[in-house]
Amino acid sequence: MSTDLLEQVSGHFNYWMAVILMMVGLYVVLSRHNLIKKLVGLNIFQTSVFILYVSMGKIHGGIAPIYVEGVTEQPVFSNPVPHVLMLTAIVVGIATTALGLSLVVLIKKTFNTIEEDEIQASLDKKRRKP
Amino acid sequence: MEMMFNVILLIMLLLTAIGLVRKRSLFAVVMLSGIYSLLSATLFIALDAVDVAFTEAAVGAGISTVLMLGTLALTTRDEEETPPKGGILPLLVVMVTGSALLYATIDMPNFGDPMAPIHHFMAPHYVEHSGVETGIPNIVTSVLASYRGYDTMGETTVILTATIGILAILGRGRKRPKKLPHRKANTP
């Protein structure tokens with residue numbers, strides 16, 4: 001029973017930490033008013049997804065998936081497919097972050113603040129006196 | 001040893017993330033996010049994903065941090081001291097979602113298990129044949145650029161779209177002041 005539990009913990013620790021990090025990111029996105037902080041939270045969320053995927057591709061005793069020259073019997077490689085998917089995700093992630101940051105700059109120009117509650121307040125004020 | 005390194009890095013990542021939630025100075029937050037990216041890049045090396053690691057180090061810790069610092073220069077340096085939005089609701093949402101996801105991981109195969117289903121579909125083909133079929137020693141590169149070339153093209157389209165969007169957003173309002181004096185000069 002206790003060895004089962006130990007195996008369960010050591011076998012799933014990476015996935016659990018990925019989920020916890022994901023939730024920290026989600027908490028920042030949901031609870032903070034500041035738009036830049038929200039984007040940083042989104043980055044944490046995203047990186048935790050990379051950790052989840054790359055952890056799934058790992059094989060015990062495996063090495064990075066690059067062929068070893070001058071060997072007839074190739075060693076065990078970790079799974080390259082999650083790596084490829086995450087490479088694409090990183091690049092798409094920086095594109096969305098950059099777009100989000102440029103929107104933040106535009107919001108600062110328009111409302112003179114990047115705090116969500118203040119933006120909402122100034123919108124309400126505009127609506128009351130048209 | 002491998003596992004210990006893994007665990008230490010994950011705990012350091014968690015501590016960085018918690019520090020990031022608590023800090024109010026946005027400059028510190030951006031710097032911590034750079035550290036977070038660099039730590040995760042180190043973790044990716046421990047997990048054999050060297051290509052992901054150097055991309056994360058260059059893009060996540062490098063470009064992303066620079067872009068955020070640029071935004072800070074154009075906006076503000078500090079987050080205002082307001083209580084969290086929506087009271088206890090975000091914490092509740094996070095708890096419920098987190099427990100659902102944790103429950104879902106219990107069914108997953110163990111970490112590093114070579115018998116996991118993920119290692120028995122498509123991956124064996126790439127590992128065994130990609131060297132002969134594409135002539136590239138790095139399997140990740142051959143999958144990215146050759147077998148899944150169309151995906152990579154789609155990714156490039158995403159970057160192009162984002163660039164057009166950023167130019168449309170930030171380019172706005174910059175041209176107008178330049179045009180105005182020009183028009184005035186033309187009208188008698």
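Buried means under 20% relative accessible area, exposed means over 50%, and partly exposed is in between (1.4 Å probe, protein chains only). This is a predicted model, where local features need pLDDT of at least 70, side-chain atom pairs count only at pLDDT 80 or more, and totals for chains, interfaces and linings use all residues. Residues are numbered from 1 along each chain as its sequence is written, chains are lettered from A and ligands numbered from 1 in the order in which they are written, and side-chain values use heavy atoms, with hydrogens and water left out.

**Exercise 1.** Work out whether B:Ser64 is buried or exposed, and find what it touches.

*Solution.* Start with the location: B:Ser64 sits in helix 3 of chain B (helices are DSSP runs of H or I with at least four residues, numbered from the N terminus). Next, check the cover: its relative accessible area is 5%, so B:Ser64 is buried. Finally, list the contacts (heavy atoms within 4.5 Å). Skipping residues up to four places away in sequence, B:Ser64 touches A:Asn43, A:Ile94, A:Thr97 and B:Val59.

**Exercise 2.** Find the largest nonpolar core and say where it lies.

*Solution.* First, the term: a nonpolar core is a set of buried Ala, Val, Leu, Ile, Met, Phe, Trp, Tyr and Cys residues joined through side-chain atoms within 4.5 Å. The largest one here has 61 residues, and A:Ile51, B:Leu13, B:Phe44 and B:Val52 have the most contacts inside it. Helix 1 of chain A gives this core its largest share, 11 residues. Domain 1 (1-79) and domain 2 (139-188) of chain B both contribute residues, so the core lies between them; the domain bounds come from an automatic or database domain assignment. Now zoom in on B:Leu13: leaving aside neighbours within four places in sequence, its contacts include A:Leu21, A:Ile51 and B:Tyr36.

**Exercise 3.** How many salt bridges are there over all chains, and what do they link?

*Solution.* Look for a side-chain nitrogen of Lys or Arg within 4 Å of a carboxyl oxygen of Asp or Glu; that's a salt bridge. Searching the whole structure turns up 4. One of them joins A:Lys58 and B:Asp48 at 3.0 Å, N to O. This pair crosses between chains, from the loop between helix 2 and helix 3 of chain A to the loop between helix 2 and helix 3 of chain B. Both A:Lys58 and B:Asp48 are buried. Another pairs A:Lys38 with A:Glu116 at 3.6 Å, N to O. Here A:Lys38 in helix 2 and A:Glu116 in helix 4 of chain A are 78 residues apart.

Technical notes. Helix = DSSP H or I, 4+ residues; strand = E, 2+ residues; numbered from the N terminus.
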